[in-house]
Amino acid sequence: MTRMGFFTDTSVCIGCKACEVACKEWNNVPDDGYDFLGWSYDNTGGLSSDTWRHVAFIEQRVAAPAAEPQGPAQNGDAGVRWLMSSDVCKHCTHAACLDVCPTGALFRTEFDTVVVQQDVCNGCGYCVPACPFGVIDKRESDGRVWKCTLCYDRLKADLPPACAKACPTQSIQFGPLDELRERAANRVGVLREAGVADAHLYGADPEDGVGGFGAFFLLLDKPEVYGLPPDPVVTTRDLPQMWKAAAGAALAMVGAVATACLRRR
Amino acid sequence: MSVANTTNGQDGYYGRPVLKKPVWKPYIAAYFFTGGLAGASSTLALGARLSGHHRLARSASLTSLAGLAVSGPLLVVDLGKPARFANMLRVAKPTSPMSVGSWVLTAFAPGCAAAAASDVTGLLPRVGAAGGVLAGVLGPAVATYTAVLVTDTAIPAWHGASRQLPFLFAGSAAASAAGVAMALTPPADAGPARRLAALGGGLEVAAFRKMESALGDAGQPYRTGAAGRLARAAEACTASGAVLGVLGARRRRSLAVVAGSLLAAGSLLTRFAVYRAGFESAADPSATIGPQRARADAAKASRAG
């Protein structure tokens with residue numbers, strides 16, 4: 001089966017949050033608190049067990065706007081630009097959450113997406129600190145972990161995920177990952193030609209620390225500005241070396257016990 | 001409207017953490033202690049039995065069973081769905097230290113229980129001996145896999161310590177087992193426990209210091225705040241317990257009890273220090289972003305150059 005994914009082109013995101021709402025509605029995701037965060041046009045904050053699409057809204061001081069080309073994500077105020085980006089589970093090629101899950105509740109679907117089987121998850125919580133993006137989280141009222149399923153149910157019915165369907169600007173594009181990567185590379189070229197020098201892809205490289213994202217992004221600033229890690233690595237990449245260290249430590253313990261017991265009084 | 005964000009992104013998105021904090025409750029830190037105590041006690045029991053220290057072997061064996069008996073409930077009660085604890089044995093996954101640990105504990109438990117039960121009742125000595133060998137051999141795995149469990153995460157203060165944490169946990173487990181054993185055993189038969197207290201306690205203190213320096217900036221949580229205070233208290237307890245165990249515990253049982261309690265407390269505090277440090281590290285966006293930014297910039301520079 002073809003690997004399906006998201007290409008989120010933040011250069012055309014208008015911050016409308018239709019994706020957040022569509023995701024909540026389709027997936028029946030519960031309320032995540034009625035909080036006033038006091039920063040920018042964002043009272044959602046971030047991805048969580050109860051937020052599977054999150055629109056980041058960043059206000060930046062920049063150089064005088066006259067020098068900027070008629071560009072993406074920029075309002076009329078002098079010296080201020082807005083960046084908006086809809087974040088989501090990355091559906092990593094090498095997914096730490098899936099690797100460390102002890103029950104097999106997290107699994108890879110026929111679409112190459114990463115999904116939690118809610119009838120298996122026992123709420124051990126290991127996936128939560130394993131995720132390099134802070135995506136998956138435990139719903140305390142329920143005891144299990146939840147995250148974006150890339151609308152597994154809709155995919156099975158040949159429908160696009162709810163967020164992509166609802167996006168009014170095609171900032172969220174859904175399709176076969178190969179096609180999306182090609183389209184994204186072209187889009188970066190177009191933007192650069194138009195003078196948007198900082199436009200770049202995040203998570204499109206299969207050689208990166210998680211083997212590339214199934215849901216990747218076109219960003220207009222460094223990933224960390226959007227709250228994304230600049231160089232994420234799947235923790236299990238270092239697991240053989242960790243087991244080796246543990247074996248050494250276990251041997252040290254055996255040695256210590258043997259030394260303590262064998263020495264004559 | 002004020003402009004709150006900066007362009008360099010060092011503090012990420014409005015200072016929000018990049019990572020999620022662990023959702024484990026303090027039960028898990030307590031389990032790191034009780035599991036370590038159970039594992040190291042079984043190994044000490046086996047060593048003591050083979051070297052003819054039978055009273056020491058018995059107290060270590062019973063301590064191991066007690067540690068195990070507390071460990072199980074601690075692990076189950078931390079689950080979001082405790083009734084589904086058996087799902088831990090639904091699959092066997094080498095990529096999941098928690099899965100590996102579940103299987104190791106499953107093999108360890110009957111050995112540990114058989115050894116202790118046979119020791120107390122005098123029944124089935126061969127089964128008890130076989131159980132003691134099984135538990136004694138698996139003990140080091142029980143005591144150290146928990147270190148891999150925490151290092152196999154994205155949290156900088158844990159992941160970055162993957163070379164030192166297993167040694168810290170091994171030393172801490174050995175020190176606690178030695179401490180409890182010397183408190184429960186007549187001094188004449190507790191020689192191995194006193195020597196193990198010195199070796200284990202020394203390893204615990206040395207590994208913690210090594211870990212702190214190896215982590216560099218990512219080791220900040222181990223120096224400051226709640227985790228830092230726990231770490232300093234742990235070192236004080238472990239060091240004084242080990243010294244007292246070597247110098248005084250041979251002569252007076254009461255001193256052995258004090259030394260043993262200090263060693264056990266030091267081990268418990270060490271586990272809570274590591275546990276707390278992980279939460280603090282996860283909550284700090286710059287701990288995640290800083291090293292990754294440096295890595296990304298270096299990679300870019302090497303591509304360009």
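Student: Which residue is the bridge partner of A:His200 in E10(A)?

Tutor: The bridge partner of A:His200 in E10(A) is A:Leu219. Before going further, note that this is a predicted model, in which local features need pLDDT of at least 70 and side-chain atom pairs count only at pLDDT 80 or more, while totals for chains, interfaces and linings use all residues. Residues are numbered from 1 along each chain as its sequence is written, and chains are lettered from A and ligands numbered from 1 in the order in which they are written.

Chain A has seven helices and ten strands; these are DSSP runs (helices H or I, at least four residues; strands E, at least two), numbered from the N terminus. Strand E10 of chain A covers residues 215-219. Three bridges join E9(A) to E10(A), and the two run antiparallel; strands pair if DSSP finds at least two bridges between them. E10(A) also pairs with E1(A), here in the parallel sense and over four bridges. Within E10(A), A:Phe217 is the bridge partner of A:Thr8.

Five of the five residues of E10(A) are buried, where buried means that 20 or more other C-beta atoms lie within 10 Å of the residue's own, exposed means 12 or fewer, and partly exposed is in between, with C-beta atoms placed from the backbone. In a regular strand the side chains alternate between the two faces of the sheet. In E10(A), A:Ala215, A:Phe217 and A:Leu219 are on one side and A:Phe216 and A:Leu218 on the other, and both faces are covered.

Helix H6 of chain A packs here: its buried residues lie against strands E1 (4-9), E8 (172-176), E9 (200-202) and E10 (215-219) of chain A. Those buried residues are A:Leu177, A:Leu180, A:Ala184 and A:Leu191. Seen down the axis of H6(A), they fall within an arc of 50°, so they line one face of the helix; the arc is that of the directions from the helix axis to the C-beta atoms. The face turned away from the buried side of H6(A) carries the exposed residues A:Asp178, A:Ala185, A:Asn186, A:Gly189, A:Val190 and A:Glu193. The 17 residues of H6(A) (residues 177-193) should span 24 Å at 1.5 Å a residue, and the end C-alpha atoms are 24 Å apart, which agrees. The expected span is 1.5 Å times one less than the number of residues. Just after H6(A), A:Gly195 takes a positive phi of about 100°.

Two residues other than glycine also have positive phi. A:Lys17, with phi near 70°, is in the loop between E1 and helix H1 (18-27) of chain A. A:Lys17 counts as buried because it has 21 C-beta neighbours inside 10 Å. A:Asn28, with phi of about 55°, is found in the loop between H1 and E2 of chain A. With 6 C-beta neighbours inside 10 Å, A:Asn28 counts as exposed.

An automatic or database domain assignment divides chain A into domain 1 (4-233) and domain 2 (235-265). The C-alpha centres of these two domains of chain A lie 42 Å apart.

Notes: Contact = placed C-beta atoms within 7 Å.
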